[in-house]
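Biologist: I have the model open and would like to go through it with you. Could we take it topic by topic?

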Amino acid sequence: MNKEIANSILYNVYPTSFYDSNGDGIGDLKGITEKLEYIKQFADIVWINPVYKSPFCDGGYDISDYYAIDEKFGSIDDVKTLTEKAHSLGLKVLFDLVVGHTSDKHEWFLQSQKAERNDYSDYYVWTDEVFGECPYKHMTGMSEREGNYLINFFCFQPALNFGFSQKKYDWQNLYTDKACQKVHNEVIKICKYYLALGVDGFRVDLASSIVKDDVNGKYSCEVWRKIFGEVRKEYPDCIFLSEWGEPKYAVANGDFDIDFLTHCYNEGYNNLFRKEPGTNAFKSDGKSFFRKEGKGEANTFFDYFLSNLEVIKGKGYISVPTGNHDLPRISIGRTQEELKVVFAFILALPSIPMIYYGDEIGMSYSNLKNKDGGYNRTGSRTPMQWTAGKNAGFSESDRELYLPVNDNYTSVNCAKMETDPNSLMNTVKHLVEIKRNFLFDFSCYCNFEVLSQTYPLIFKRRCGEKEFFCALNPSRRECNITLPENSKVLISNNTKIKGSIAKLGEASFIWVISKI
């Protein structure tokens with residue numbers, strides 16, 4: 001367990017849209033480097049989506065060369081510069097580790113699909129005949145060799161061969177077979193290559209499903225433990241963040257340091273933020289807890305969160321995100337005041353919060369046509385809104401940008417919010433500052449007790465000799481609560497206090513601390 005990151009906050013950067021340093025209309029590594037001081041105000045770890053060489057048919061998650069930086073993002077030297085500056089600011093950098101599949105343009109695959117057997121024949125999952133039975137998602141008639149290749153998502157993403165949990169067909173490899181070891185070794189090699197450049201770790205794509213037909217990730221966890229064990233022999237502090245959504249497996253069994261909750265596997269996270277139609281990556285319908293209507297429920301989330309927290313205690317951490325590149329923006333249908341309550345909740349939990357770039361200013365979701373395989377995710381990847389100036393301060397380009405800037409950039413941008421002490425951005429900064437500086441012992445494993453799971457939502461945390469108390473009212477119904485004795489208000493919003501009674505107004509919250 002990496003105790004050094006216990007009080008950390010994550011910040012997710014979609015590199016194509018964060019900041020364009022050279023005026024070509026596309027964000028890049030130098031642009032991220034220039035904005036690291038900004039990121040530092042909100043986070044301690046920055047996760048950057050893929051910047052490797054890619055045809056970019058799926059936002060860079062179709063990699064054609066793991067050891068080359070795509071030229072639109074910069075170079076290997078730019079990686080070194082970025083990590084050096086990040087470390088000087090006390091920031092850690094995570095790259096995306098996308099090894100469940102590659103692009104079909106990757107040299108490994110071009111060799112693997114050849115009829116003649118070669119060193120790469122076993123790198124991917126192939127059937128042994130074109131017209132034979134194959135119940136898995138696959139492509140046929142696309143190769144020289146006799147057989148079909150399995151894909152993970154899109155047709156151009158052939159699945160790398162981590163094997164199967166059990167062998168049902170002659171063409172399958174068990175996950176322990178020697179044929180799979182070459183891929184394991186390649187993953188270890190990739191990790192060490194970027195760690196040597198100063199990268200501090202990786203967010204692992206598709207972490208739960210590298211071994212096919214797995215049950216609860218049991219065999220995928222076994223493979224990850226093997227890979228991480230080899231990497232950590234040389235880089236013991238390497239951070240591994242999983243895209244899984246089930247910490248009880250990823251952290252407890254897979255040796256991941258952090259697992260972030262997703263819209264899959266359990267409805268708890270969705271019930272908090274993403275039940276209304278259009279607010280999720282998948283079709284959804286219902287009422288979220290964090291809405292003014294006050295018709296949602298938080299029980300499902302806390303049942304799941306607390307049970308996972310107990311299982312992973314002493315092993316790693318849960319991350320609760322505002323969003324990521326795969327989800328519509330959390331701002332959909334919410335005012336800035338409502339978003340303040342969301343942040344006050346996420347930043348107060350015994351977890352490692354994750355902020356998706358632009359959520360700290362309430363960037364909106366745009367209904368855009370598909371770009372680079374984004375489909376309904378495309379509207380969450382628009383340029384960061386830095387200023388009210390040209391191209392929202394994202395780029396000096398006179399050419400068409402990677403994606404259009406949201407129409408509201410003149411009113412929703414960092415520069416404008418910086419001047420307003422009550423803005424969403426400054427509220428988030430203040431919350432982060434309190435978490436960092438005042439609650440220095442506010443670790444993920446402080447005693448945590450939920451006092452109310454309805455409206456208002458109330459929980460407390462014991463931190464050494466102090467007790468932290470958080471009350472949140474996402475609804476429009478006013479309510480009164482009794483504050484703990486001898487309490488000191490750390491921060492509040494839309495809340496009136498008289499003696500020991502706090503009146504929580506519409507979309508309100510309060511953080512207080514008291515001595516035990």
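Biologist: Is Asn494 buried or partly exposed?

Modeller: Bearing in mind that this is a predicted model, Asn494 counts as partly exposed because its relative accessible area is 38%. Asn494 sits in strand E17, which covers residues 487-498, and its phi is near 55°, a positive value in a residue other than glycine.

Biologist: And Asn216, what is its phi near?

Modeller: Phi of Asn216 is likewise positive, near 55°, and Asn216 is not a glycine either. Asn216 is placed in the loop between strand E8 (201-204) and H6, and with 46% relative accessibility Asn216 counts as partly exposed.

Biologist: Which residues does the cis peptide bond join?

Modeller: The cis bond joins Tyr455 and Pro456, with omega at about 0°, and Pro456 belongs to the loop that runs between strand E13 (447-453) and strand E14 (457-463).

Biologist: Changing topic, how many salt bridges does the structure hold?

Modeller: There are 27 salt bridges in the structure. One of them pairs the side chains of Asp257 and Arg232, with an N to O distance of 2.8 Å. Asp257 lies in the loop between helix H7 (247-250) and strand E10 (258-260), while Arg232 lies in helix H6 (residues 218-234), so this pair ties together parts that are 25 residues apart in sequence.

Biologist: Why does Asp257 count as buried?

Modeller: Asp257 counts as buried because its relative accessibility is 6%, the cut-off for that class being under 20%.

Biologist: What about Asp326, which residue does its side chain meet in a salt bridge?

Modeller: The side chain of Asp326 meets that of Arg377, at 2.8 Å from N to O. Asp326 is in the loop between strand E11 (317-319) and helix H10 (336-346), and Arg377 is in the loop between strand E12 (354-356) and helix H11 (414-418), so the pair ties together parts that are 51 residues apart in sequence. Both Asp326 and Arg377 are buried.

Biologist: Which residue forms a salt bridge with Glu418?

Modeller: Glu418 forms a salt bridge with Lys429, and their closest N and O atoms are 2.6 Å apart. Since Glu418 lies in helix H11 and Lys429 in helix H12 (residues 424-438), the pair ties together parts that are eleven residues apart in sequence. The two partners fall into separate accessibility classes: Glu418 is partly exposed at 44% relative accessibility, whereas Lys429 is buried at 13%. Salt bridges that share partners also join Asp58, Asp326, Arg377 and Arg381 into one network.

Biologist: Staying with helix H11, is Met417 buried or exposed?

Modeller: Met417, which lies in helix H11, counts as buried because its relative accessibility is 5%. The C-alpha atoms of Met417 and Leu197 are separated by 35 Å, and these residues are 220 residues apart along the chain.

Biologist: How many residues has the largest nonpolar core?

Modeller: The largest nonpolar core has 151 residues, and Tyr11, Phe345 and Trp511 are those with the most contacts inside it. There is also a second, separate core of ten residues, among them Ile481, Leu483, Leu504 and Val512.

Technical notes:
Residues are numbered from 1 along each chain as its sequence is written. This is a predicted model: local features need pLDDT of at least 70, side-chain atom pairs count only at pLDDT 80 or more; totals for chains, interfaces and linings use all residues. Side-chain values use heavy atoms; hydrogens and water are left out. A nonpolar core is a set of buried Ala, Val, Leu, Ile, Met, Phe, Trp, Tyr and Cys residues joined through side-chain atoms within 4.5 Å. Buried means under 20% relative accessible area, exposed over 50%, partly exposed in between (1.4 Å probe, protein chains only). A salt bridge is a side-chain nitrogen of Lys or Arg within 4 Å of a carboxyl oxygen of Asp or Glu. Helices (H or I, at least four residues) and strands (E, at least two) are DSSP runs, numbered from the N terminus.
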